[in-house]
Amino acid sequence: MKIGVLTSGGDAPGMNAAVRAVVRAGLTYGHEIYGIKDGYSGMINDDMVLLTSHSVSGMLSLGGTFLGTSRAPEFLKEEVRQIGVDNLKKRGIEGLVVIGGDGTYRGAMDLARMGIKCIGLPGTIDNDIAGTDFTIGFQTAVETIVDAIDKLRDTSTSHQRCSIVETMGRRCGDLALFAGICGGAEFIITPENPMDKEQMFKRLREHKAAGRRHAIVVITEKILDVHALAEEITEKAGFASRATVLGYIQRGGSPCPEDRILGSRMGTYAVELLNDDVYGVCVGVRDSRMVHLPFANVVGQQRPKNELYKLVKKIS
Ligand code: F6P
């Protein structure tokens with residue numbers, strides 16, 4: 001079988017491990033694997049290369065995605081998608097492994113309706129995909145954020161300040177939640193765990209009165225202006241405060257072992273599903289086991305509120 005592989009949406013550490021696994025496992029089973037450049041854009045522009053085992057050597061430790069990525073909004077149009085489908089068919093590519101987030105899955109679901117045998121792998125730092133405990137790239141991003149929080153605490157303590165740390169995550173608070181717990185944050189504010197400002201100011205005043213030299217607030221992006229919040233905390237809680245927006249730094253870097261393993265497992269599993277003529281599904285890991293679900297059960301679905309929130313209330 002000829003199988004295409006692409007990465008799409010925001011890049012995530014471990015995407016390369018997943019592509020490598022698709023290529024190596026695919027070759028092991030006698031398939032031909034084509035790397036599609038820059039996500040769905042490469043399908044439209046017919047930018048695809050035959051990948052060999054050698055093409056993916058040295059890729060395990062590399063951050064980002066060597067295939068390139070894009071958001072390709074034009075792919076939402078059926079006539080544009082048809083160009084991509086024709087390009088695949090021209091080369092005899094029947095199977096397609098897409099690695100990305102919800103937008104990527106939507107594209108794959110549409111392609112599946114147009115006769116392409118699609119498998120989705122969850123690749124995004126946001127951990128916002130239903131049907132999986134973890135997405136590829138999430139755990140590396142958490143490590144990066146924790147490292148930043150540890151460093152911010154050094155300077156906060158020295159100056160007796162409160163540090164506000166804004167993480168990515170879009171509508172999902174998992175980056176802030178996991179990194180906040182690991183970094184010992186006093187407050188974790190996410191879409192799933194909104195803030196009670198007055199309560200926060202009160203607790204910060206108490207911290208200050210008790211002689212605490214620092215406080216850490218971790219907050220998901222797009223909730224509020226963190227610099228304005230820092231000014232408010234300084235004024236109303238009497239705790240000098242500064243905000244740091246981590247931004248794209250949390251998307252880069254060499255994948256941690258968990259993401260290398262997750263990418264490798266998911267890439268291999270995708271090929272095995274195609275071997276068994278199973279497609280139109282996306283892969284997940286649940287309680288350490290590989291699982292797959294139809295795209296329709298996952299696309300646009302919210303993950304349940306994380307159990308760890310119960311812990312936060314007791315230990316922060
Ligand atoms: O989906 C991953 C992500 O990093 C989100 O956390 C963030 O909101 C978004 O991508 C940023 O997108 P872009 O790279 O298009 O600016």
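**Note on the aromatic cluster and the parallel sheet**

1. Both Phe138 and Phe178 are buried. This holds for a predicted model. The two rings have their centres 5.0 Å apart and their planes at 90°, so the pair is edge-to-face. Phe138 belongs to helix α5 and Phe178 to helix α6. The pair links distant parts of the chain, 40 residues apart.

2. Phe178 has a relative accessible area of 18% and is buried, because buried means under 20%. Phe134 is at 25% relative accessibility, so it counts as partly exposed.

3. Taken together, Phe134, Phe138 and Phe178 form one aromatic cluster. The count of aromatic pairs in the model comes to five.

4. Now the sheet. Four strands make an open sheet with parallel pairing, in the order β7-β8-β6-β9. Its edges are β7 (187-189) and β9 (241-245), each of which pairs on one side only. Neighbouring strands are turned by 15° against each other on average, direction ignored.

5. Strand β6 (residues 162-167) pairs with β9 in the parallel sense, over five bridges. Within this region, Val165 stands opposite Thr244 in β9.

6. Two helices lie across strands of the sheet. Helix α7 (residues 197-209) lies across β6, β7 and β8 (215-220). Its direction is at about 160° to β7. Helix α8 (residues 226-236) lies across β6, β8 and β9. Helix α8 runs at about 165° to β9.

7. The charged end of Lys208 sits over the ring of Phe239, 4.7 Å from the ring centre. The charged end of Lys305 sits over the ring of Tyr309, at 5.0 Å from the centre.

Terms used
Residues numbered from 1 in each chain as written. Predicted model: local features only at pLDDT ≥ 70, side-chain atom pairs only at ≥ 80, totals over all residues. Heavy atoms only, no water. Pairing = 2+ DSSP bridges. Axes fitted to C-alpha atoms, helices over the stretch in contact; angles between N-to-C directions. Contact = heavy atoms within 4.5 Å. Phe/Tyr/Trp six-rings, centres within 6.5 Å; stacked < 30°, edge-to-face > 60°. Buried < 20%, exposed > 50% of the residue type's maximum accessible area, 1.4 Å probe, protein only. Lys NZ or Arg CZ within 6 Å of the ring centre and 35° of its normal.
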